[in-house]
Amino acid sequence: GNFHNILLDNNLYSLSNLKSLLEKYSIETIITNSIGNFFLIIKNKKFVRILNSFAFGGLYFIEKKDKFIFSTREFDLIKELKSFEIENEQFNFYINAHRQISYLPFNGIDRRIKRLPSGMSVSFPNKKKFIYDFYFLKNTYLYKKNFESYNLILDKILKSYKKNIKKRITLLFSGGLDSTVLFGKSIENKIKFQTLYFNRAMKLNICEMMVNFLSDKYKINSKILNQRSEKLSKKNFLQSKKLISHYNIIGSPKELKYQDNYTNNMVYMSGQNADTLYCVDTFAPNTYSITFNRLFAIIKTIHLRFFYTNIFLRIMSNNLILKIFGINKKEFIKSKIKNLMFSEREHVNWFYDPKKKNNKFYKHRQKYFYKPLIKILKIKDFDKIDHIKLYKIISSVKWFRFVINAHLYFNELGRFHRSNFITPFSEGPLVNYFSNNHVDLKETILIKPFQKKIVKNTLGFNFLIKQIFLRLSVFYKKKYRLILKEKLIQNYDNL
């Protein structure tokens, strides 16, 4: 694959340093803290083991005639099987669900096909048996939770890209906070890049304003593709959100077929996955929620974000507190984990069903997601789980439910366009940082304060205040144009 570097001891190492690093760190720690899209094969007399990097799209495999066959494409294995089998529940969910939760983490669409997702390893002790392992749990290199650590990791990842990627990078620049961070870091590290923005929202929305402002200020080659339909009524627009979100997505083959300086054989950089790893993603309103609808959605779901905070996890895992309130700890934690798997009350789910106990979809999801994950994480007694272990479980669920599918999608898209997609926020070192540092209450309320600080340091402005001023500037320009137009009409005869 595309291996770039290993980030340990605040230094970037190459493969030539692997032997010396193995004297100090385990292979699990090294792969956890690696940058790049690749997989590693370890083979000896006792077993074969395969480890996927965190940014890798993943592998599929099947067992056939006493051997295992691997591919990066599920379609190749369907051809090997010479038939196609799919359960109705999975098919219905796949067609209707948000694109990034529609896949099962450990199975293909055909249940005979097994999946080895990003950040996972599989061992084969013999020709009949395979064992999954979340190797990240054996990582021993941890970061302190502070801005300096976070900023250093992101800097090193961008430096690794600059060193290893020779083609010009196209930043998929949405004008949102995360892609603005990547814009600022690219400027700071003097990376040659251009930007591309797909606008599916309203004309001159705040994201487009930010794209125009920064591209003009730093003289960056920028292109905006408008995907919105002016003919859609508000009612039809709202009804079409689900269809648009599943099929007409950023970087779809149709959308990337354009000319100028944006062609095949490119490297596209995306801010995808930052929200998920920061644990606030899917409670935030989606792209199509605008104006007051967006504000109301934020207020309505903000209490759900508290579920990820350190203080709440401590309460959830405290036997005495739960006993005082008469809560069964085992059932309570299990229900919360399952809710995450089913995406309940989140904007990515259109299936919310309060009667889920009798729903075939929930049972299917529980069989192929919940039970395998609990087995891989080796959880035997929920009564003994503390807040640290609980956070790792939650991080794992969010990873397997959402992030691995973004990588899979980008892998397929890259194959179609003969291009590469890079996602800095889900490179190994940052996954390591986020997964071992709990979100505190202040972060949940302020929402990604480290990101806002990077924008301030690299681009010189407060992100939220700049958004307000951009909105006001457009409002007053429009008002001024209307006044001028009215004056011209009034004085038409004299002109």
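## Charges over rings

A charge sits over a ring if NZ of Lys or CZ of Arg is within 6 Å of the ring centre and within 35 degrees of the ring normal. In this predicted model, K466 lies over the face of F461, at 5.5 Å from the centre of the ring. Another lysine, K453, has its charged end over the ring of F147, and the distance to the ring centre is 4.5 Å.

## The chain as a whole

The protein chain has 495 residues, of which 51% count as buried. Its secondary structure consists of 19 helices and 15 strands.

The chain exposes about 25200 Å², and carbon and sulfur atoms supply 56% of that area. Among contacts between residues at least 6 apart in sequence, 73% join residues at least 24 apart.

## Aromatic pairs

The structure holds 32 aromatic pairs. One of them is formed by F3 and F38: the ring centres are 5.2 Å apart and the planes stand at 80 degrees, so the pair is edge-to-face, the cut-off for that class being over 60 degrees. This pair links distant parts of the chain, 35 residues apart, with F3 in strand β1 (residues 2-8) and F38 in the loop between β3 (34-37) and β4 (39-43). F3 is partly exposed, at a relative accessible area of 22%, whereas F38 is buried, at 7%.

The rings of F410 and F421 form a stacked pair, because their planes lie at 15 degrees and their centres are 5.0 Å apart; planes count as stacked when they are under 30 degrees apart. F410 belongs to helix α15 (residues 387-417) and F421 to strand β15 (residues 420-422), so the pair ties together parts that are 11 residues apart in sequence. F410 and F421 are both buried.

## A four-stranded sheet

An open sheet is built from four strands in the order β4-β5-β9-β10, with antiparallel pairing. Its edge strands are β4 and β10 (131-133), each of which pairs on one side only. From one strand to the next, the twist averages 15 degrees.

Within this sheet, strand β9 (residues 121-124) runs antiparallel to β10 and is joined to it by three bridges. The bridge partner of V122 is Y132 in β10.

Note on methods:
Residues are numbered from 1 along each chain as its sequence is written. This is a predicted model: local features need pLDDT of at least 70, side-chain atom pairs count only at pLDDT 80 or more; totals for chains, interfaces and linings use all residues. Side-chain values use heavy atoms; hydrogens and water are left out. Rings of Phe, Tyr and Trp (its six-membered ring) pair if their centres lie within 6.5 Å; planes under 30 degrees apart count as stacked, over 60 as edge-to-face and the rest as tilted. Helices (H or I, at least four residues) and strands (E, at least two) are DSSP runs, numbered from the N terminus. Buried means under 20% relative accessible area, exposed over 50%, partly exposed in between (1.4 Å probe, protein chains only). Contact means heavy atoms within 4.5 Å. Accessible areas come from the Shrake-Rupley method with a 1.4 Å probe; for residues, only the protein chains shown count as cover. Two strands pair if DSSP finds at least two bridges between them. Axes are lines fitted to C-alpha atoms, for helices over the stretch in contact, and angles run from 0 to 180 degrees between N-to-C directions.
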